[in-house]
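Dear colleague,

Here is the structure I promised to hand over, with the sequence alongside. My notes on what was found in it follow below.

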Amino acid sequence: DRFEHYALLAACRSAVGDTQAAQEAGRRVLAIRPNFAIGTYLESSFAWKRPEDRARLRDMLQKSGLPE
């Protein structure tokens, strides 16, 4: 399993308001990568052109219950 897939799934589910599915995907992220942190993930996984895109993804990941 790749934790990145579940992190993006958690964000997508948060974006559409499916809190339960977002939290489940977040739990899968943490099961695979117990030391996952949103800040580290955003810094290492993406090249950001627009700060608002980064902020939106951060918000959706936070809503899924993933740690900062």
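**Notes on the model**

T40 lies in helix α3, and with a relative accessible area of 55% this residue is exposed, since exposed here means over 50%. In sequence T40 and E68 are 28 residues apart, yet from C-alpha to C-alpha they are 8.5 Å apart in space.

N35 and P67 are 32 residues apart in sequence, while their C-alpha atoms are 9.0 Å apart in space.

Please keep in mind that this is a predicted model. The protein chain has an average pLDDT of 96, and 100% of the residues score at least 70. Confidence is lowest in helix α3 (residues 38-45), where the mean is 94, and highest in helix α2 (residues 19-32), where it is 98; the lowest-scoring helix, α3, is also where T40 lies.

As for the fold as a whole, the secondary structure of the protein chain comes to four helices and zero strands, and from the N terminus on the elements run α-α-α-α. The radius of gyration is 11 Å, close to the 11 Å that the globule rule gives for 68 residues, so the protein chain is as compact as a globular protein of that length. Along its principal axes the C-alpha trace spans about 30 × 25 × 20 Å, and buried residues make up 32% of the 68 residues. Among contacts between residues at least 6 apart in sequence, 58% join residues at least 24 apart.

How do the helices α1 and α4 pack, and at what angle? Helix α1 (residues 3-15) and helix α4 (residues 51-63) meet at an angle of about 90 degrees, with their axes 8 Å apart; because angles of 65 to 115 degrees count as roughly perpendicular, that is how α1 and α4 are placed relative to each other. On the α1 side the contact is made by A7, A10, A11, S14 and A15, and on the α4 side by R56, L57, M60, L61 and K63. Sorted by class, the contact of α1 with α4 has seven nonpolar, one polar and two charged residues.

With best regards

Technical notes: Residues numbered from 1 in each chain as written. Predicted model: local features only at pLDDT ≥ 70, side-chain atom pairs only at ≥ 80, totals over all residues. Heavy atoms only, no water. pLDDT = per-residue confidence, 0-100. Helix = DSSP H or I, 4+ residues; strand = E, 2+ residues; numbered from the N terminus. Axes fitted to C-alpha atoms, helices over the stretch in contact; angles between N-to-C directions. Parallel < 35°, antiparallel > 145°, perpendicular 65-115°, else oblique. Contact = heavy atoms within 4.5 Å. Nonpolar A, V, L, I, M, F, W, Y, C, P; charged D, E, K, R; others polar. Rg over C-alpha atoms; globule rule 2.2 N^0.38 Å. Buried < 20%, exposed > 50% of the residue type's maximum accessible area, 1.4 Å probe, protein only.
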